[in-house]
Amino acid sequence: MAILEFIIVALMLASVNTERVRNYRMCPNSDCLIYDMFIDPCPEALYNKACGWPRNSNTTVAFIYNPEFGAYSPKTQLYSETFLVDWPFLNIDTNACLYTNCPVQKDTEQYWLFNLFVPEYYETTYHIVKFVLTDTISNQQCCFTFDINIV
């Protein structure tokens, strides 16, 4: 399975519009490290700017992470972070095992591959996206944010 993941990530990273995103930020008290984040499409990353996600199209987010916890039934969610409340992105399957190997292994480098369809009804504006991976038993989290513009 690890070889298949490596091949999938390598093929995805070879895409013409995939760029390495360096301007992500870890959340306070996050129980993981993130390495080598790539977003397709994101030509803006070359200039360290927010990725432009076109409405009515697909976007792929891939990264390597190393959690400080293990999880047999992890959950995940993407939020649009605001001053008062974090709004969950709609139509996201929260079963993290769809995007990474399960069970999640403590202190082990792992791959995440997430495909997101950006529907027409998403507001065309700047968003701070918060990614959260949660162990449903211990409530430990891997959390980071990055910037996008839905265009």
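Tutor: The following account begins with one lysine and its partners, and then turns to a further salt bridge and an aromatic pair. Please bear in mind that this is a predicted model.

Let us begin with Lys 130, which is found in strand β9, residues 126-134. With a relative accessibility of 16%, Lys 130 counts as buried, because the limit for that word is under 20%. Side chains of opposite charge can pair when their charged atoms come close. Lys 130 forms a salt bridge with Asp 86, in which the closest N and O atoms are 2.8 Å apart. Lys 130 belongs to strand β9 and Asp 86 to strand β7, so this pair ties together parts that are 44 residues apart in sequence. The side chains of Lys 130 and Asp 86 are also joined by a polar contact of 2.8 Å. Asp 86 itself is partly exposed, its relative accessible area being 25%.

A salt bridge also joins Glu 81 and Lys 130, with 3.6 Å between the closest N and O atoms. Here Glu 81 lies in strand β6 and Lys 130 in strand β9, so the pair ties together parts 49 residues apart in sequence. Glu 81 counts as partly exposed, at 28% relative accessibility. Leaving aside neighbours within four places in sequence, the residues in contact with Lys 130 include Cys 27, Gln 77, Tyr 79, Cys 143 and Phe 144.

The count of salt bridges comes to five. One of them is formed by Asp 147 and Arg 25, whose closest N and O atoms are 2.8 Å apart. Asp 147 lies in strand β10 and Arg 25 in strand β2, so the pair ties together parts that are 122 residues apart in sequence. Asp 147 counts as buried at 14% relative accessibility, whereas Arg 25 counts as partly exposed at 33%.

A search of the whole structure finds 14 aromatic pairs. Among them, Tyr 24 and Phe 144 form an edge-to-face pair, with 6.0 Å from centre to centre and 70° between the planes. Tyr 24 is in the loop between β1 and β2, while Phe 144 is in strand β10, 120 residues apart. Phe 144 is buried, with a relative accessible area of 0%, and Tyr 24 counts as partly exposed at 22%. Both Tyr 24 and Phe 144 belong to one aromatic cluster, whose members include Trp 53, Tyr 99 and Phe 146.

Conventions. Residues are numbered from 1 along each chain as its sequence is written. This is a predicted model: local features need pLDDT of at least 70, side-chain atom pairs count only at pLDDT 80 or more; totals for chains, interfaces and linings use all residues. Side-chain values use heavy atoms; hydrogens and water are left out. Rings of Phe, Tyr and Trp (its six-membered ring) pair if their centres lie within 6.5 Å; planes under 30 degrees apart count as stacked, over 60 as edge-to-face and the rest as tilted. Helices (H or I, at least four residues) and strands (E, at least two) are DSSP runs, numbered from the N terminus. Buried means under 20% relative accessible area, exposed over 50%, partly exposed in between (1.4 Å probe, protein chains only). A polar contact is a pair of N or O atoms within 3.5 Å; within protein, one must be able to donate a hydrogen and the other to accept it, and residues adjacent in sequence count only if both atoms are side-chain atoms. Contact means heavy atoms within 4.5 Å. A salt bridge is a side-chain nitrogen of Lys or Arg within 4 Å of a carboxyl oxygen of Asp or Glu.
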